[in-house]
Amino acid sequence: MDVVSLDIPDVKIIRPKKFGDHRGFFSETYTKKTFEAAGLHYDFVQDNHSLSAEVGTVRGLHFQLPPFAQDKLVRVVRGAILDVAVDIRKDSPTFGRHVSAVISAADWNQILVPIGFAHGFCTLEPDTEVIYKVTNYYSAEHDRGLLWNDPALGIDWPVAADKARLSDKDHKHPTFAQLGDWF
């Protein structure tokens with residue numbers, strides 16, 4: 001397993017080993033002991049799976065408040081996404097900054113987004129399926145978001161605002177300036 005830190009070092013790209021032959025392939029996408037050997041200590045409790053039928057589907061930017069805050073390990077099993085993590089940790093030197101990476105089935109990479117980040121993605125291919133592990137259970141009353149296209153964030157999304165496919169909820173999230181001090 002290869003682990004590479006992004007420009008915000010707490011966010012990491014993980015590339016599991018993939019073994020292929022004439023039958024197909026095999027890969028351990030998550031093994032606790034391998035993660036711990038790499039210094040990644042997480043206790044994942046739930047797996048989530050989403051399908052986005054259309055290119056330009058945006059999901060996010062989401063996070064949960066403590067005590068239900070979640071670390072996320074995100075991978076794509078079909079298609080590709082631009083994955084984005086925004087640092088919302090008030091005392092962090094990278095507060096308000098974001099990192100992004102293309103995560104795809106073809107590249108067989110994953111992104112680890114720790115607690116204290118608003119997370120979202122935009123699909124780059126049709127019928128994209130995303131699977132992600134989280135370290136805490138979903139809690140509707142702790143569920144929050146950040147406006148995906150807030151100009152203050154400077155995120156270079158691969159879709160224009162008027163072409164993005166969003167949920168009603170994701171249209172209504174507060175801007176970064178309106179965000180509370182949650183972390």
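Student: Quick one to start: does Y42 count as buried or exposed?
Tutor: Y42 counts as buried, because its relative accessibility is 17%. Buried means under 20% relative accessible area, exposed means over 50%, and partly exposed is in between, using a 1.4 Å probe and protein chains only.

Student: What am I looking at here, and how are things numbered?
Tutor: This is a predicted model, where local features need pLDDT of at least 70 and side-chain atom pairs count only at pLDDT 80 or more, while totals for chains, interfaces and linings use all residues. Residues are numbered from 1 along each chain as its sequence is written, and side-chain values use heavy atoms, with hydrogens and water left out.

Student: OK, back to rings. How many aromatic pairs are there?
Tutor: A search of the whole structure finds seven. Rings of Phe, Tyr and Trp (its six-membered ring) pair if their centres lie within 6.5 Å; planes under 30 degrees apart are stacked, over 60 edge-to-face, and the rest tilted.

Student: Which kind is the Y42 and F44 pair?
Tutor: Stacked, with 5.9 Å centre to centre and 20 degrees between the planes. F44 is buried, because its relative accessible area is 14%.

Student: And why is the F63 and F183 pair called edge-to-face?
Tutor: Because the planes of F63 and F183 are at 70 degrees, with the ring centres 6.0 Å apart. F63 lies in strand β6 and F183 in the segment after α2, so the pair ties together parts that are 120 residues apart in sequence. Helices (H or I, at least four residues) and strands (E, at least two) are DSSP runs, numbered from the N terminus.

Student: Are those two buried or exposed?
Tutor: F63 counts as buried at 4% relative accessibility, whereas F183 counts as partly exposed at 24%.

Student: Which residues are in the cluster with Y42?
Tutor: Y30, F35, Y42 and F44 form one aromatic cluster.

Student: New topic: which rings does the charged end of K18 sit over?
Tutor: It sits over the ring of F25, 4.2 Å from its centre, and over the ring of W108, 4.3 Å from its centre. A charge sits over a ring if NZ of Lys or CZ of Arg is within 6 Å of the ring centre and within 35 degrees of the ring normal.

Student: How many cavities are there?
Tutor: The structure holds two of 30 Å³ or more. On a 1 Å grid over the protein atoms alone, a cavity is a set of points where a 1.4 Å probe fits but cannot get out; a pocket is an open set with protein on both sides within 12 Å along at least five of seven lines; and lining residues have an atom within 4 Å of a point. Grid points are joined across faces, edges and corners, and a volume is the space filled by probe spheres set on the points.

Student: What lines the largest cavity?
Tutor: Its lining includes F63 and F183, and about 60 Å³ of space lies inside. β6 (58-64) and β11 (117-123) each supply at least two residues of that lining.

Student: And the second largest cavity?
Tutor: About 30 Å³ of space lies there, and W108 and R75 are among the lining residues.

Student: What about the largest pocket?
Tutor: About 420 Å³ of space lies in the largest pocket. It is lined by 21 residues, of which H62, K72, Y132, D143 and K169 lie nearest its centre.

Student: Which element gives the most to that pocket's lining?
Tutor: β6, with five residues.
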